[in-house]
Amino acid sequence: MRNLRPLKTIFSKKSISDPAFDGSSLPLDLDEPQEEALEGDATEAESGKKSRKKQWSYPVRRYYHGKKEILSPETRFGKRQWIIGRGFCLFRTFKLAEVPSAERKNALSVRILQWSPFLQTGQYISWKGDYAQVWIWDELLRMEEMQSLGVNSASVLPESVLNPPSDSDIPQLVACKEGYEGRVWKEGLLVASRWWNDVPRLQDWSRFLIANDVSPGTSIPSADTFEWLPVPWARRSSGLDALDVRTEKFWIIIGLLVFSAIFIWEGVVLWRLHDSIATLEPEMKVLSQQARPIKNARAKALQYKNEARQLLDLASYPSPLELFHEAVRRFPVNSVAIIEWRYTKDELEITLQGKDMTPVAFINSFQESPMFRDVTAEKSGQDRLRMHMLLNSQDDSDD
C-alpha cells in the first residue's frame, strides 16, 4: 500500500492578485484528500481507464477575460474559447416544472430579460431536469474585449462551468483566477452561487448560506483551487425540451434514423415513379399519334367558330350600300358632295363639301336616323364639313 499526500499540502496557494497566476499549472484538488492508495489490480485498471478518458479532449485555445487582465493562450492550435471571469457573471437557477416543455424556452427568456441589468445580455444555459442553471454577463463588454484582441469568433463559457462541481451537498468555496466563488449544491444541481473579490468574511458567508436555506457554520471553509476541466461540467443546452444529457445522444440517433428512413423511402418512390414513366412512355407516344387527327379537327373547328362569330358580328351592322343611301337621304341641303368616306365596323367618318352647311342642322338630321348615334360635326375648311358618328347594330335598333 502506497501513502498519497494530500494535494493541498503539495502546492502552495498563490495570491490572486499575482499577474503570473493563470491557474493552468494547478492540479485537480479533490474535496477530501485521499490518505490511502487504491487497492487491487482491478481498481488500478479502472482508475487508469477513467484517467485516460478524462485526459482525452479536443484541443482548445482559451482566453481568460478577467477584471484585472485578459490572458491569451500560449498555443496557436485548437478551438477558441472565451472564458468569462466569475466576477463578470451573474448566476441564478430557475425552476420551470409548472411550464409545459414546449413553452419553457420562451418562459425562460422572459425571466432572464426581467432579471438582467445589462443592455445586451450574454447567457449560458444548462438544463438539469426541470431546472435551468443560468449565467449571464455584459455581452457588449465581451464583444469589445474580443475585438480588441482580434478574436473574431469563439465559444463563450463562464468560468464556473470549468471548475469541477462538488460531489456532495456541502457548501463549497472555490478560488477562481480572480476572487472567490461560493456554491450551494443540491443533488448535483447548482442552486446558488456568489462571487467575492476577496475571501468572504464569516458574516457574509453566513448570510449567503442562510439566504439559500443552508445552516451557517462557525467558520469559513478553506478555498478549493482547481485545474480547469477539459470540457464544461454543465453542458450548454437550448432549453427546448430540457432533455437529460444521457438521453440526448439517443434522441439524436433516433432522429438520424428517422431522417434516413424518410430519405430512403422518398428515393424508392422516385425510382418507382421513374420506372413507371419509362414503361408508359411508348404507350403515350402511340396514343398521342392516334389523337393527333382529333386535335387537328378540334383546332379547325375552333377556327371556324371564330370566323363565324366575326361574320355574325359584321352581319349585325348595316351594309355599306345601306349606310350610303341613309347618309345621302339625311343631307338637310342640296348640292352637297361627299369628298371622303371612311367606314369601319361600327364607326363612320365622312367629309362633305357644299354651300350653306351648318353643323347643327346636319347633326340633328343624322341623329334622327336609327342607324347613327353620337353624331359630331365641325367645319374643316371653306365650304367643308367633317362628320363623325357611331353605328347602331341591328340588335340595338330593334331594342
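**Aromatic rings**

I looked up the ring cluster first: ring pairs link Phe91, Tyr124, Trp135, Trp185 and Trp233. I counted rings of Phe, Tyr and Trp (its six-membered ring) as a pair if their centres lie within 6.5 Å; planes under 30 degrees apart are stacked, over 60 edge-to-face, and the rest tilted. The model is a predicted one, in which local features need pLDDT of at least 70 and side-chain atom pairs pLDDT 80 or more, while totals for chains, interfaces and linings use all residues. Residues are numbered from 1 along each chain as its sequence is written, and side-chain values use heavy atoms, with hydrogens and water left out.

I found 15 aromatic pairs in the structure. In one of them, the ring centres of Phe94 and Trp115 are 5.7 Å apart and the planes stand at 65°, so I noted the pair as edge-to-face. This pair links distant parts of the chain, 21 residues apart: Phe94 is in strand β4 (residues 90-95) and Trp115 in helix α3 (residues 104-115). Helices (H or I, at least four residues) and strands (E, at least two) are DSSP runs, numbered from the N terminus. Both Phe94 and Trp115 are buried. Buried means under 20% relative accessible area, exposed over 50%, and partly exposed in between (1.4 Å probe, protein chains only).

I then took Trp205 and Phe208, whose ring centres are 5.8 Å apart with planes at 50°, so this pair is tilted. The two sit 3 residues apart in helix α5 (residues 202-211), about one helical turn. Trp205 is buried at 2% relative accessible area, and Phe208 is buried at 6%.

**Charges over rings**

I checked which lysines sit over rings. Lys67 lies over the face of Phe88, 4.5 Å from the ring centre. The charged end of Lys177 is over the ring of Tyr64, at 6.0 Å from its centre. The rule asks for NZ of Lys or CZ of Arg within 6 Å of the ring centre and within 35 degrees of the ring normal.

**Strands**

I followed strand β3 (residues 79-84), which pairs with strand β1 (residues 60-65) in the parallel sense over 6 bridges. Two strands pair if DSSP finds at least two bridges between them. His65 has Ile84 of β3 as its bridge partner. Strand β3 also runs parallel to strand β7 (residues 155-158), joined by 4 bridges. There, Gln81 has Ser155 of β7 as its partner.

**Salt bridges**

I counted 12 salt bridges, taking a side-chain nitrogen of Lys or Arg within 4 Å of a carboxyl oxygen of Asp or Glu. Arg111 and Glu98 form one, 3.1 Å from N to O. Arg111 is in helix α3 and Glu98 in the loop between β4 and α3, 13 residues apart. Arg111 is partly exposed at 28% relative accessibility, whereas Glu98 is exposed at 53%.

Asp130 and Arg104 form another, with the closest N and O atoms 3.0 Å apart. Asp130 is in the loop between β5 (121-128) and β6 (131-138), and Arg104 is in helix α3, 26 residues apart. I noted Asp130 as partly exposed at 33% and Arg104 as buried at 6%.

The side chains of Arg330 and Glu326 also meet, at 3.0 Å from N to O, and both residues are buried. Salt bridges with shared partners join Glu326, Arg329, Arg330 and Glu368 into one network.
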